[in-house]
Every structure is written in structure tokens, then in C-alpha cells.
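Subject: Structure handover

Hello,

Here is the structure we talked about passing on. Please open it alongside this email.

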Amino acid sequence: MREITRRALLGAGAGTAVTAAAAGCGLVDGGGGGTASPSRGADGKGGGQGGRGGGRSQGRLIGDGSTADTGKQPHQPERPVPLEPGQTPPQFVVFSWDGAGEVGNGLFPRFLDLAKNHGAAMTFFLSGIYLLPESKKTLYRPPNNRIGASDIGYLTDDHIKDTLTNIRRAWLEGHEIGTHFNGHFCAGSGSVGNWSPEQWRSEIDQAVAFVTEWKTNTGWKDEEPLPFDYRKELVGGRTPCLLGRDGLLPTARKLGWRYDASSPGGLQVWPGKHRGLWDLPLQAMPFPGHSFEVLSMDYNILANQSGNTTKGVPSRYPGWRKQATEAYLSGFRRAYETNRAPFFVGNHFEQWNGGIYMDAVEESLKGMAGKKDVRLVSFRQFVDWLDAQDPEILRKLRGLGVGESPDGGWTSYLRV
């Protein structure tokens, strides 16, 4: 574990975490294997059993064989249907993971197992350079930075293989593979916050290339391909430190992306579109013991607990763990019991402060799963549902403020 150094720790002070772009996302080598799981989609129905290989053939190999078209993704929900007039909307919850590298700490398979056990689908925002050997880092040409530079480092060869294993498993079990781009530059002249649409296009093209050409870059010709066409799979992402979306969105729209999860400081309300993409921000949620709210991401909770260190005072870990768990559950309950706005939670496969944030995510997911109308879905599954809805129903849903219940109940409020 390391101290927080290379990224701006916005949100460390009281009240600032609501709007700050404090999204620390680095893995510096420190994940595992996998098995199989059913996944619940937007209709809340699980799928059958999958597996490491899932019993699927390699399908049609694409390019150098790093990826393959194996057909329709398993464990997806039935086609979404519009809400009926007066019908209570589902409570959607999206757990997402920035970086999505498996680096020997067992966290990637831990949360795949958790998802399996509770019928959940998640979104994994893969950093492209996590599939690029450090010996080939000169292939990465980051905008406004030196060749091969990265503020999150490169993985060992063994950990690249572990990451590939878990990305395969995740997709076969119904989870979404998005992007967290590459080098995670959050400060100085090379920050992603300064990138133009053209520079974002270069970064995206490189991220896609590292995923679709990993066999060429590693020389591992006998490894199984990733079982999906990444160019078709990729419909959204989250920028490093939640910066640079003004430059990103014009490019994302041209590429046909459907959503962006980079906006900081969102509220627990129903989303709309921004520049043609669904705007799915991390949200301000209650922060127990404080009068201010905190962004719904592990890093921002940490920033308000231990400041600029990932190794705070161990005696405080139990209290911080409880506070983090209750923050997530408070955000969930506020939406579930009122406006039913979707709840978005961002995470990292990190052992910050003794792993308390991983425990908090697990306990909060368990507290949400299985409740009536709750759907634990990926961002892609959620926007599938949004796109199927009557625009007038969505307009009414967006008319509800944070913690605001529908006047007269759902039957009356959503009567068209």
C-alpha cells in the first residue's frame, strides 16, 4: 500500500467531497482467479451457470486473436419494457470498479463471487495499460505526457494474466467491461482535464488497442482470447479523477457511446442526457456523523476519514468501516424509500485503511440485495432500461428531488 501522492485529493475537507473530482484509481501491483455465476439484469432475473471458459467455444477470433466474437453475452436480462402507467419504478443500484486490474490481493474474484451469490451485475472500467507489459510501455503515447508515462504504473506479467482471467470471467457472467482509459493523469499540464477531443480520441484508440492486441504485445499466443468484441462492448467509461469530460464527450458521442459516468458531485435524482449521452454521475450521499454529504466512492470516503494517507490510524478502522457502510446504505435507503433514483457506487480494488472500504461495499451490497424491486445492474443494463421508457414517464421521474416521494404515491404520480 502507498500514500496518496500523484492525484489531487479534492474532497478531503468537510463538505468539499460532494463536488470534488477526487477519484483515486491506481493499482500498484497488489487479485486472483475465478469461477462462475448467475447475474441479475435489469429485470432482476438471474441466468444459468457459467464458468472460466463457460463451456463456450472460442468463437470467431478477431484480429490477432486477443478477442473473439462468441455471440450474445450470457446472463443478460430479458428485453426491457416500459413502465406501465402508475407502476412503481425499480430501485436500480450500479456498483462499478475503476481500473479493474487483478494484482494479487484477491479482490477481483472476491467481488465476482459476491455478485454471483446475490444475483448482481456490475461494471468494470478496465484501464487499457493493465494489459500492456511494462517492457512494451513505449507503445503508449499519452497526450501531453512523455512516451510510456503512467501515473498508475504497469502490472507484472503474472498480474496481467490474472487480470485477463478475471475479465473473461466477468464478461461470461454477465458483467459489463467499460474503460478507465490508460495513464490516469490528474495533475499538471498533462492532466486529462486539459485534453482536447482529438487527444481523447487518441487515448481511447490506444486503450482499445491494448485490449484487442494483448497477444501481439505479450507474445502469449496460447492464452484464451477475451470472449467479446471490445469495440462493440465498449459503450461508456469513467475518466481519471472525474476530470476532462468536456473534452471527452464530443469524441464519445462520435464513437457511439451511450453513457458517461465521469461527472462529479451528482445528486440522487433520475438522470438525463448531456451532449447526447446518458449522464450517470457519482452522487452525493449522507455521511453519518457529519452535516455535509460525501461522494459515493470509496476514495472520497477515505479522503474524509484519513486525509492524504491510505494508512490511517488502525484503531479507527472499525469506526470508519461502520461509517462507510452506513453511508452507502443511507444513500440507498434515501432513494429506495422516496424517489427511487438510481444509486451509483464507485470503487477500486484496493486495501486502503486495512481493506475497510472493500468490507463496506460487501456489507452494503448484501444489505440491498433481495429487497423488493431492487435491481443490481451494470451501467449498460441500466441505460438499456432507460432507452425503453416513455419519455414522459422519465420526465416525471426527473421531476422528483433528492429524497422527495411522489405526490399521491406512484400510482397517482406516474399516471400518464
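Predicted model: local features only at pLDDT ≥ 70, side-chain atom pairs only at ≥ 80, totals over all residues.

Helix pair

Start with helix 1 (residues 107-118) and helix 2 (residues 157-172). Their axes come within 10 Å. The crossing angle is roughly 15 degrees. Angles under 35 degrees count as roughly parallel, and helix 1 and helix 2 are therefore roughly parallel to each other. Their crossing is left-handed.

Which residues meet? Helix 1 brings Phe108, Pro109, Leu112 and Asp113. Helix 2 brings Asn166, Ile167, Arg169 and Ala170. By class, this contact holds five nonpolar residues, two charged and one polar. Asp113 is on the helix 1 side of the contact, and Arg169 is on the helix 2 side.

Largest pocket

Which elements supply at least two lining residues each? They are strand 2 (67-69), helix 5 (230-233) and helix 10 (379-387). Helix 10 gives the largest share, with three residues.

The class make-up of the lining is 10 charged, eight polar and seven nonpolar residues.

To look at these in the viewer, begin with the contact between helix 1 and helix 2.

Best wishes

Technical notes: Residues numbered from 1 in each chain as written. Heavy atoms only, no water. Axes fitted to C-alpha atoms, helices over the stretch in contact; angles between N-to-C directions. Helix = DSSP H or I, 4+ residues; strand = E, 2+ residues; numbered from the N terminus. Parallel < 35°, antiparallel > 145°, perpendicular 65-115°, else oblique. Left-handed = near helix turned anticlockwise from the far one by under 90°. Contact = heavy atoms within 4.5 Å. Nonpolar A, V, L, I, M, F, W, Y, C, P; charged D, E, K, R; others polar.
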